[in-house]
Amino acid sequence: MSSHAIRIFGDPVLRTPADVVTELDGRLARLADDMFDTMYDANGLGLAAPQIGVRKRFFVYDHGDGPEVLVNPVLEEGDGEWVYEEGCLSVPGLSWEITRPKTVHVVGFDLDGNEVSIEADELVARLFQHELDHLNGVLLVDHLDDEQRRDAMRVIREMGMGRSQKPSSTAGGLSLP
Ligand code: NI
């Protein structure tokens with residue numbers, strides 16, 4: 001297993017909808033292992049494949065019950081409203097209060113091809129919605145209103161993010177307060 005550089009805001013891969021996973025093979029399992037390493041190194045709760053430059057529809061997560069992988073996840077329904085200060089490993093150091101459905105029903109597959117159906121609430125529901133967004137090329141700033149978004153983009157640029165980067169670029173040179 002090895003940790004990967006997490007792609008940072010401005011990298012086009014984060015804006016590209018990911019492709020459906022068609023092969024549940026050893027390569028995918030190894031990628032998932034690498035994503036766990038990367039996620040734990042970054043103290044994240046979840047990590048989607050595009051965040052390490054892989055345009056495939058799967059994400060890894062661990063909200064305290066151990067490592068889990070969700071392949072080809074689909075949001076079946078959401079209900080209620082919940083406000084949460086939400087951050088993203090691809091926009092390090094920033095977070096915004098964002099309102100989303102409080103509960104969700106997500107279906108997908110595990111690495112063995114078993115169907116998974118999960119009813120999630122609050123933080124776990126938020127985690128799923130956030131990672132699903134990544135698979136669709138959607139980022140946190142897309143959930144802000146126009147004024148918040150303008151402010152967010154200014155701060156993001158001031159922090160050296162948001163410029164178009166070469167796909168091979170990493171966060172290695174980025175300095176954060
Ligand atoms: Ni994120």
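Where does N72 lie? N72 sits in strand β3, where strands (E, at least two residues) and helices (H or I, at least four) are DSSP runs numbered from the N terminus. The model here is a predicted one, in which local features need pLDDT of at least 70 and side-chain atom pairs count only at pLDDT 80 or more, while totals for chains, interfaces and linings use all residues. Residue numbers start from 1 along each chain as its sequence is written, and side-chain values use heavy atoms, with hydrogens and water left out.

Back to N72: its phi is near 50°, a positive value in a residue other than glycine. N72 is also buried, at a relative accessible area of 18%; buried means under 20%, exposed over 50%, and partly exposed in between, using a 1.4 Å probe and protein chains only. Another such residue is N43, whose phi is near 55°, again positive without being a glycine. N43 belongs to the loop between α1 and β1 and is exposed, with a relative accessible area of 72%.

As for the sheet, 5 strands make it up, open and antiparallel in its pairing, in the order β1-β2-β3-β6-β7. Strands β1 (46-48) and β7 (115-121) stand at the edges with a single partner strand each, so one side of each has no neighbour in the sheet. From one strand to the next, the twist averages 40°. Two strands count as paired if DSSP finds at least two bridges between them; β1 and β2 (residues 58-61) pair in the antiparallel sense over 3 bridges. Across that pairing, L47 stands opposite V60 in β2.

Two helices lie across these strands. Helix α1 (residues 26-41) lies across β1, β2 and β3 (68-79), at about 45° to β2. Contact here means heavy atoms within 4.5 Å, and angles run from 0 to 180 degrees between N-to-C directions of axes, which are lines fitted to C-alpha atoms, for helices over the stretch in contact. Helix α2 (residues 122-135) lies across β1, β2, β3, β6 (103-109) and β7, at about 125° to β7.

Along with C88 (SG), H130 (NE2) and H134 (NE2) are the protein donors of the nickel ion, 2.1 to 2.2 Å from it. Donors are N, O and S atoms within 2.8 Å of the metal (3.2 Å for Na, K and Ca); water is not among the atoms, so sites may look incomplete. The donor spacing in sequence reads C-x41-H-x3-H, and both H130 and H134 are buried.
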